[in-house]
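Student: I would like to learn how to read a few features in a model like this one. Could you show me the structure and take me through them?

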Amino acid sequence: MARKKKTADPSETLPETKDLEAPSQDIVEEIEDLQETEETEDIGEIEDTEEKILLIDSDGTVISLARLPKRIPIFPLFHRPMFPGILTMLGGNMPTSEWIRKTMEQTNDIVGLLLVDPEKTDGNSELIEVDSEDQFYQLGTAAYVVNWVELPDKSCQFMMSTLRRFRVLSMTKEDGHFMADVEYIEESEPEEDTSEEIKACGAAIISAIKEIIPHNPIFSQEMNYLLSQVDINKPVMLTDLAVSVTNAKSIDLQEILETEDLTSRMEKTLVLLREEYDLSVLKERINQKIEEKLSKHQREFFLREQLKAIKLELGLEQDRKHLDLQRFKEQFSALKLTEEAKERVHLELERYEMLDEQSPEFYVIHQYLDWVACLPWGVHSKDKLGLRAAERVLNRHHAGLEDVKKRILEFIGVSKLRGSVRGSILCLVGPPGVGKTSLGKSVAEALGRQFYRFSVGGMHDESELKGHRRTYVGAMPGKLLHALRAVKTSNPVIMLDELDKVGASYRGDPFSVLLEILDPEQNQEFQDHYLDIRFDLSNVLFIATANMMDTIPPALIDRMEVIKLSGYILEEKLHIAQKHLLPKLLKECGLQTKQVSFRRDALQRIILEYAKEAGVRSLEKKLHAVLRAVATKIVRGHKRTITLTADNLEDFLGKPIFTEESFHKNPKPGVVRGLAWTPLGGSVLYIESATIARAKNEFKLTGQLGEVMKESSSIAHSYVQALLKKISKKTNFLSKHAVHLHVPAGATPKDGPSAGIAMATSLLSLALDQPVSEALAMTGELTLTGYVLPVGGIKEKVIGAKQAGIYKVILPKENEKDYSELPDHVKEGLSFHLVSHYHEVAEIALELDMAPE
């Protein structure tokens, strides 16, 4: 019988899946009457050889009595098979829907429901089209299309009444879809005198369903309806309906669908029902745990709210928001805010008062107001500008560095005459361990100011200095505002440590922010991204530290007053060890002076052979190592005083780290000592030359030399070759011999022009076969015409020479200014020769009688 299709209405609810009700006796009698009248024309003649089926609509009314065709269209199922006796809704895509509507009119609205084998879909669980008939299972269920609803996307929802199992005999593909020749499987309910085993299985199925109902509220309505309709004497219908409401896997359901033996089918159904029961019990247990936790939290929340309301009514507690608002207003009234800050704070307080405590923005504004309230607006500490007090502080904390102390006292003296230190920015440059950080603390103590230090080394994000904008989640102010909040004054001493190690990245260049911070003309209107209010930093004394100035932009150097710290000589290190390091380390290790003592020769050997550097950091580490070993001995029962001498030092520190090279004790021709500057201080640079058996006039260089140093060696080679013409017996030495020039410590890169006269002296010493005194060192740039040009790092080089035991130094004449600025205690014990031409160098180093140029 033809039916008119329906168009989907958004307000209409699609019919739910339900079991097909068995026809009553009245309906059967109605069908018999229809067959005897002319009203059954739509049914047509039914041959005795064709199977007949009773068709019933979703409301239970008789539709027709139709034939079951032998060839039917296939409706593919991808999730689970369908069992006979079920009224269900199935959805198809647009091509499948059109195919089913087109072909079902030729098959009395009968279609075949076949499950697609999931193992043959290449793991695609959302397969829409089937490519081959091999992908289908061979046993399915015939269904009658009761009605359909067309959806806006042209697909359809079909209401189907499943009828009977069928087996596929053959299958063909037409227009991308499948038609199958099928054989229907005849199934009838057993007689009343069925076996006891079948009756027992039926009773077990009903019992299992009753057990599931209390634990599975989702299917309880369907199962109750199922129990009201099924009969234990109809085990076929009972089994199909029972298995259809489980959540078993499609493979297990298909296996039951294909099982012909009724007893086996019922046993497999019982297994699935038991699994469904276990799953329902587990779900119920999990849901109970979750509900218990939720109800506990809800109960605690309500109790807290009730307690809070009771306390507010009794006056025992005030609203937190009201208290914070009152506190903020009191804090802001006591601060000397700028007009811009007052206006901004007023707006934020109004917003804060209007917002609910549960609003996310409430806590953002609360944090902002807290930061503004905690900054030292207009709070200054009184400066102490007394020179004598400042000098006492510097001398108490630092030994040596007289030139640096003098420069700091000059800075304090100028600040006293000017009345403030406003606009002053210092930069302490020197090797590690020379006391840059401690000098900054001493300056703060001398001025009576708070001190705060943070490192900018490795900083790649400008937001670390200027803060993040409040639009970002978790935004915070920069380190400068953190410093001001910590010291609680607006004129502290802030140390920017490791200035030479600042980096840049895609997040910005911190140096560009430092240009603003360290500029007295700009930092009085410094604006942090988070605060977004101008704050005056002009009263802050900034002290930067660096190991070298090569990586600092010139524009930033121009804004700072650079003070260089060259390092300590042996006498100063001895004084620091005795007066500062040992008392501090003895206290840290829990030792007393009567338990351990250091002789001067022991300290001197530690400095020269274990801690040979410009600063005293390594010296402190070695002294600490010795005291730890002493403490261990005392704990083990040693009673007598332990005295450290040069002879027993190796028992505590092992073999020396720095030892003198063999050629230092046995000078040879071609070996000369130059002087080099390094970030760690000055040091002696040995230069060696030797002849090799190779092509004539070949000049080989090794020692990881830079381009400038290679050029200096070439200049030295050419100049010495010309100079030898004045010495008749050695005129052609360099042209007849291959020479190899090497600078030891090959793993260390070296560069610079200051080794020019040392290289020339090495080549000249080799050519004349005359050694140079081991007590002589030199530095200076050599030109091709023999003139000696000035070089840098004179103080560091002289200190390095003195530490190495050198007592005779050659310096360029044009470095006389640097020589005159050397402290007397550095010059003491050294003999200096200032030269302007290489002839003077040759006369001093090789005692040659050179005619003046």
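Student: Where is serine 155 found?

Tutor: Serine 155 sits in the loop between β8 (139-150) and β9 (156-174). Helices (H or I, at least four residues) and strands (E, at least two) are DSSP runs, numbered from the N terminus. Keep in mind that this is a predicted model, in which local features need pLDDT of at least 70 and side-chain atom pairs count only at pLDDT 80 or more, while totals for chains, interfaces and linings use all residues. Residues are numbered from 1 along each chain as its sequence is written, and side-chain values use heavy atoms, with hydrogens and water left out.

Student: Is serine 155 buried or exposed?

Tutor: Buried means under 20% relative accessible area, exposed over 50%, and partly exposed in between (1.4 Å probe, protein chains only). Serine 155 has 8% relative accessibility, so it counts as buried. Contact means heavy atoms within 4.5 Å. Leaving aside neighbours within four places in sequence, serine 155 touches Gly92, Asn93, Met94, Ser97, Val149 and Glu150.

Student: Which residues have a positive phi although they are not glycine?

Tutor: Most residues other than glycine have a negative phi. Here, lysine 488 has a positive phi of about 65°, and aspartate 769 has one of about 55°. Lysine 488 lies in the loop between α15 (479-487) and β13 (493-497), and at 58% relative accessibility it is exposed. Aspartate 769 belongs to the loop between α25 (756-768) and β24 (776-778); it is exposed too, with a relative accessible area of 57%.

Student: How do I read a salt bridge, and how many does the structure hold?

Tutor: Look for a side-chain nitrogen of Lys or Arg within 4 Å of a carboxyl oxygen of Asp or Glu. The structure holds 30 salt bridges. In one of them, aspartate 181 pairs with arginine 71, with the closest N and O atoms 3.0 Å apart. Aspartate 181 lies in strand β10 (residues 177-184) and arginine 71 in strand β5 (residues 71-77), so the pair ties together parts that are 110 residues apart in sequence.

Student: What separates lysine 342 and glutamate 339?

Tutor: They are three residues apart in helix α9 (residues 339-354), which means about one helical turn separates them. Glutamate 339 is exposed at 61% relative accessibility, whereas lysine 342 is partly exposed at 43%.

Student: And what about arginine 453 and aspartate 497?

Tutor: Their salt bridge has its closest N and O atoms 2.8 Å apart. Arginine 453 lies in strand β12 (residues 451-455) and aspartate 497 in strand β13, so this pair ties together parts that are 44 residues apart in sequence. Arginine 453 is partly exposed, with a relative accessible area of 38%, but aspartate 497 is buried at 6% relative accessibility. Elsewhere, salt bridges that share partners join Arg344, Glu348, Arg351, Glu361, Arg470 and Asp532 into one network.

Student: How many helices and strands does the protein chain have?

Tutor: The protein chain has 29 helices and 28 strands. Of its 853 residues, 46% count as buried. Among contacts with a separation of 6 or more, 74% come from residues 24 or more positions apart.
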